[in-house]
Amino acid sequence: MGLAVTKYGHIAWRVIAVVAFTGTAALAVTLSRAPVRPDHAALSSNLTQNLCTAPGLEAWLGLAQAAEPTTADRLKPSGTYYTLEFTNVSARVCRLYGYPDVSAYAGDQLGGTQIGSAAARDTSVRPRPVTLAPGQTAHAVLLVASTMTLKPTSCALVTAPELRVMLPDQVRPEFVPIQLSACSRKGLEFMRVQAIQPRPGIPGFRVP
């Protein structure tokens, strides 16, 4: 009797061990087949493929709209809002993502100088991946501070004849004609720029 119990006891332990091993193997297979989420590096790689470059993109200035804070919106900065438009003039699809670098500029484009500090980033609008087919336009909103809020003596106020615009992840700038009051003393913020967004910033704009 004791021998039979021992014999069947060994058999029972072997069955339990086989079941446990089978369950562990099934769990390992399930985990190995779990969907893999793309990592940050892969996402960044996708965003940097087929970037829009300065030779294939035309930067131009859209509408200007005065922005004066109301009693109900005292935190809204006063000044002039411009739309910086970016039109794909190449024959290929390209992508934009992030903030353009914008600064006031004077002089020859090859030997001119930046006026004051570059535009600060306005983070109220989140960056979005933008895909531009040939002929399509995207935009970024640029706020230039009102001359009433700029003190001529403290910021060394001058008139800037153009903007120097650098696309995200690019080293070749574009130049956009404009006449605006700018602080030539660096360290003083007088411009803010939002992230590039899809579609033109001018309502109803269509490419001819």
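Exposed means over 50% relative accessible area, buried means under 20%, and partly exposed lies in between (1.4 Å probe, protein chains only). The model on your screen is predicted: local features need pLDDT of at least 70, side-chain atom pairs count only at pLDDT 80 or more, and totals for chains, interfaces and linings use all residues. Residues are numbered from 1 along each chain as its sequence is written, and side-chain values use heavy atoms, with hydrogens and water left out.

**Stop 1**

Strands (E, at least two residues) and helices (H or I, at least four) are DSSP runs, numbered from the N terminus. The phi of arginine 199 is near 70°, a positive value in a residue other than glycine.

Now jump to alanine 156. Its phi is also positive, about 55°, although alanine 156 is not a glycine. Look for it in the loop between helix 3 (152–155) and strand 9. Is alanine 156 buried, partly exposed or exposed? At 24% relative accessibility, alanine 156 is partly exposed.

**Stop 1: the cysteines**

Select cysteine 52 and cysteine 94. They form a disulfide, with sulfur atoms 2.0 Å apart. A disulfide here is a pair of cysteine sulfur atoms within 2.5 Å. In general, such a link is a covalent bond between the sulfur atoms of two cysteines. How many disulfides does the structure hold? It holds one.

Turn the view to look along the S-S bond. The link of cysteine 52 and cysteine 94 is right-handed, with 85° about that bond. What does the pair tie together? Cysteine 52 lies in the loop between helix 2 (40–47) and strand 1 (57–67), and cysteine 94 lies in strand 3 (residues 94–96), so the link joins parts that are 42 residues apart in sequence.

Check the surroundings with a surface view. Cysteine 52 is buried at 1% relative accessibility. Cysteine 94 is buried at 2%.

**Stop 3**

Two strands pair if DSSP finds at least two bridges between them.

Zoom in on strand 4 (residues 101–106) and strand 9 (residues 157–166). Five bridges join these antiparallel strands. Aspartate 101 stands opposite methionine 166 in strand 9. Valine 102 stands opposite valine 165 in strand 9.

Move on to strands 9 and 10. They run antiparallel and are joined by eight bridges. Select leucine 163: its bridge partner in strand 10 is valine 176.

**Last stop: confidence**

Color the chain by pLDDT, the predictor's confidence in each residue, from 0 to 100. The mean for the protein chain is 77, and 69% of its residues reach 70 or more. Over residues 1–43 the pLDDT is below 50, and beyond near neighbours in sequence this stretch has zero contacts in the model. Contact means heavy atoms within 4.5 Å. Residues 70–75 also have pLDDT below 50, with one contact beyond near neighbours in sequence.
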